[in-house]
Every structure is written in C-alpha cells, then in structure tokens.
Amino acid sequence: MGPGPSIAPVRDAHPAPTPPPGRRPRRLYRRGWLVAVTATVVLLSTTVAVAVTQEREPARQPAPEANGPGSIATTPGGAASLSARPTGGVAGLGANPSLSPGQSPSAKPGFQPFPAPRATLPGASIHLVGGESFSAGVARSDRTYGPLRMVRVFYPGLPPAWSGSRADVVDRTVVVSFKAPPAEVAAGKHDARLTQWFASIPRDHDVYWSYFHEPENDVESGNYTTAQFRAAWRRVAGLADRAQNPRLRATLILMCWTLNPNSRRSFTDYYPGGDVVDVLGWDCYNSGGKYNRYTEPAKVFGPMISKSKELGKPWGLAETGSVRIAGDSGTGRAAWIRSMSSYLNGQRPLWVAYYDYKVSGGDFRLTDQPSKDAWRAWCSASA
C-alpha cells in the first residue's frame with residue numbers, strides 16, 4: 001500500500017537493465033505473452049476483480065502521509081521489524097463468492113451502468129466493518145460491486161502456508177505480496193521456505209506474486225539499499241521459476257509517485273530486470289486530492305502507462321482511488337471515477353483495483369451512493 005500518484009513522466013537516465021548472459025527467458029511472458037493476455041482479458045471480460053487488504057495489519061498498517069505534490073505514501077518501518085517467521089494462515093478465507101457469476105448486485109434508483117465492452121478486470125479493496133471476518137468482507141464486496149474475480153492479498157512478512165490462507169481463494173485470480181529483509185533473502189536464508197510456498201501454489205488459476213511491494217520509502221529510510229532489493233527480487237524470481245508453474249506471474253509493484261521528477265527517485269534503481277519481471281503493478285491515486293480537486297485521469301495514470309509500454313510489460317493498477325474533496329456530496333468523485341474508468345478502459349490494463357479503505361492519510365472508501373454506483377457501474381459492465 002502507500003499510495004503515491006505521479007503527475008508527470010520520468011525519462012530514465014540509464015537504459016533498463018538487460019538480461020545477464022546465460023539466463024533463460026521468462027517462461028511465459030517472453031513468448032507472445034501480450035497476445036495471450038489480450039485473449040484472456042477478452043474471455044474474462046465479464047469477470048470482476050478486487051484488491052483485498054489484510055484483515056489485521058501489525059505496526060505496518062498503512063499510514064499515508066504527504067510525500068510530494070498531491071501524493072501520499074506509507075510511513076516505512078524498519079527492516080528488522082519484518083517477520084521472518086510464519087505469519088499463520090487464516091482459515092475459511094477460500095469460500096466461494098456469495099453471488100454466483102450470473103448474478104448482479106442490486107442497483108439503486110438512477111443507477112447508470114458503464115457502457116460495454118469493458119476491456120479489463122475492475123475491482124475494489126475491502127475495508128472490514130464492525131469486526132467482520134475477512135471472508136465476510138469479501139462476501140459483502142461481492143454483493144456491493146458484483147462477484148469478485150481477482151483478490152489482492154497483503155502479507156507483512158513471509159507468506160504462510162498456502163492452504164487455508166487468504167490467498168487460497170476459489171476460482172479467483174490472486175495478486176499476493178509478501179516481505180522479508182532483502183539482505184536475508186539475497187543470502188538465501190529463506191530459500192527453503194519460499195521454494196516450498198511456490199511449489200504449493202495451485203495451477204488452476206493465475207497468481208501474480210510480488211516481493212516487497214512499494215519498497216521506495218524503506219530504501220529512503222535506510223532500511224536497505226536498492227541494490228539489495230534488486231538482488232533479493234532476482235533470487236525470489238529464481239525460486240519461483242523452480243516451481244515450473246506457468247500460472248505464476250512475477251509482479252513488481254511500485255508507487256506512481258516514483259515516476260514524478262519531484263520524487264527525486266529513479267525507476268531503474270528499483271527495476272530488477274526485464275528477464276525476471278513479468279508484470280508491472282502500480283499504486284496511483286488522484287494527485288489533486290490533497291488540494292481539493294480531481295485531477296484529469298491522463299495526468300494521474302499517463303506516466304506509468306508510458307513506462308509500462310516503454311518496457312513492453314503488461315501492467316495493472318494494484319491500488320487507485322481518491323478521497324472525497326471538501327463540499328462534494330459524492331457526485332464530483334463519481335464523475336472522476338467514471339472518467340477514470342473510461343480512460344483506463346481504452347488502455348488495456350490487466351486489472352484495476354479501487355482502494356476502498358480508510359487510512360490516516362485519507363478516507364478513500366466509497367461510502368456515498370454516487371461514488372459507489374460509479375465504481376459498481378464499471379465492475380458490473382459486461383462485454
């Protein structure tokens with residue numbers, strides 16, 4: 001988590017790293033992946049995606065703070081605070097959606113569906129209400145936005161056993177991230193654990209895995225270096241390859257803020273190489289929220305789309321959203337959501353997940369009816 005929108009593109013001072021001699025190409029994405037994804041997206045265009053925040057986050061619960069013009073970013077914790085021990089799975093989270101694929105959520109009067117066809121998988125994160133369980137939160141989101149077909153799962157440390165964990169969902173694509181100190185990972189301390197975890201992942205649905213999503217603030221806080229991050233990422237990718245599971249997608253998730261020149265960051269510093277990254281995931285937010293305005297979607301999302309295309313990588317939005325600006329009943333944010341949906345619909349992302357969550361940096365939840373209807377309109381659109 002840790003949203004950080006970008007409003008201007010960055011041109012890297014150095015070319016993207018090239019694969020080292022002798023390393024084999026990525027198993028699926030090096031040979032016509034884009035064609036395969038396009039076909040898959042078309043076939044699955046009636047499905048719905050969701051990014052699911054974890055039920056309980058320890059001290060690393062997202063706490064966005066100002067991080068540049070129109071941006072928010074997570075306050076980083078020390079690398080030593082990242083647990084290298086099993087985090088324990090949560091049982092009962094692989095339940096089927098409460099709505100069958102053919103059902104649609106009930107629409108309020110005046111509900112306007114998003115015009116079909118929809119060319120990507122939309123969704124929403126889940127904010128848990130009144131102490132409800134994770135599975136209950138998923139079921140509620142199913143009822144609110146439509147049956148969910150992509151789940152975003154966060155682990156604050158190394159992933160627990162797959163069976164019975166949050167990632168162990170039924171008939172849904174999964175985007176799952178986990179963390180461990182890069183120096184330990186690069187040194188091979190967690191090889192056995194991760195090798196076993198990758199081997200246990202089922203082969204009947206797509207799993208987009210991400211090692212240490214949003215590493216930028218941790219680097220800037222001195223928890224580890226970009227070189228350590230890249231080395232650890234490459235080692236994890238190698239362990240994933242051993243599973244020989246073509247449904248595993250190595251997904252690098254960074255902040256869109258990193259592409260903004262004002263961030264004083266270089267994307268290349270965080271890019272472990274095109275030979276080990278299959279998919280780019282981005283966390284982009286309305287860059288005008290801090291200033292009580294809704295920024296044109298092309299300015300918010302354009303830089304990360306350009307970067308993804310420059311690298312020839314398929315991409316998705318792991319987090320996106322906007323606070324409701326002062327004085328807005330929800331109709332203004334709803335208009336922004338519809339504009340964003342229309343813009344992204346023509347850009348062919350793999351998935352787009354609305355960050356339907358409240359953190360110290362702002363309340364992104366879709367609690368007003370106009371905003372809720374606007375996102376449901378895209379989620380419920382059929383091809």
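Which residues touch the most other members of the largest nonpolar core? The views below start from that point. The model is predicted, so local features need pLDDT of at least 70 and side-chain atom pairs count only at pLDDT 80 or more, while totals for chains, interfaces and linings use all residues. Residues are numbered from 1 along each chain as its sequence is written, and side-chain values use heavy atoms, with hydrogens and water left out.

**View 1. The largest nonpolar core has 71 residues.** Phe198, Trp209, Tyr211, Trp233, Trp282, Met304 and Trp375 touch the most other members. Helix H6 (residues 226-242) contributes the most to this core, with seven residues. A nonpolar core is a set of buried Ala, Val, Leu, Ile, Met, Phe, Trp, Tyr and Cys residues joined through side-chain atoms within 4.5 Å. Buried means under 20% relative accessible area, exposed over 50%, and partly exposed in between (1.4 Å probe, protein chains only). Helices (H or I, at least four residues) and strands (E, at least two) are DSSP runs, numbered from the N terminus.

**View 2. Met304 has contacts with residues elsewhere in the sequence.** Leaving aside neighbours within four places in sequence, Met304 is in contact (heavy atoms within 4.5 Å) with Cys256, Leu259, Trp282, Cys284, Trp315 and Leu317. A second, separate core has nine residues, including Met150, Val175, Ala318 and Leu350.

**View 3. Helix H6 has 17 residues.** From its first C-alpha to its last, H6 reaches 25 Å, close to the 24 Å expected at 1.5 Å a residue; the expected span is 1.5 Å times one less than the number of residues. Among the buried residues of H6 are Phe229, Trp233, Val236 and Leu239. Thr226, also in H6, is buried, with a relative accessible area of 17%. Not counting residues up to four places away in sequence, Thr226 touches Val219, Asp269 and Tyr270. After H6 comes Gln244, whose phi is positive, near 50 degrees.

**View 4. Val276 lies in the loop between helix H7 (267-270) and strand E8 (279-285).** Why does Val276 count as buried? Val276 counts as buried because its relative accessibility is 0%. The C-alpha atoms of Val276 and Arg234 are separated by 6.4 Å, although these residues are 42 residues apart along the chain.

**View 5. Helix H8 (residues 297-311) meets helix H9 (residues 331-345).** The contact involves Pro297, Ala298, Phe301, Gly302 and Ile305 of H8, and Trp336, Ser339, Met340, Tyr343 and Leu344 of H9.

Methods. Axes are lines fitted to C-alpha atoms, for helices over the stretch in contact, and angles run from 0 to 180 degrees between N-to-C directions.
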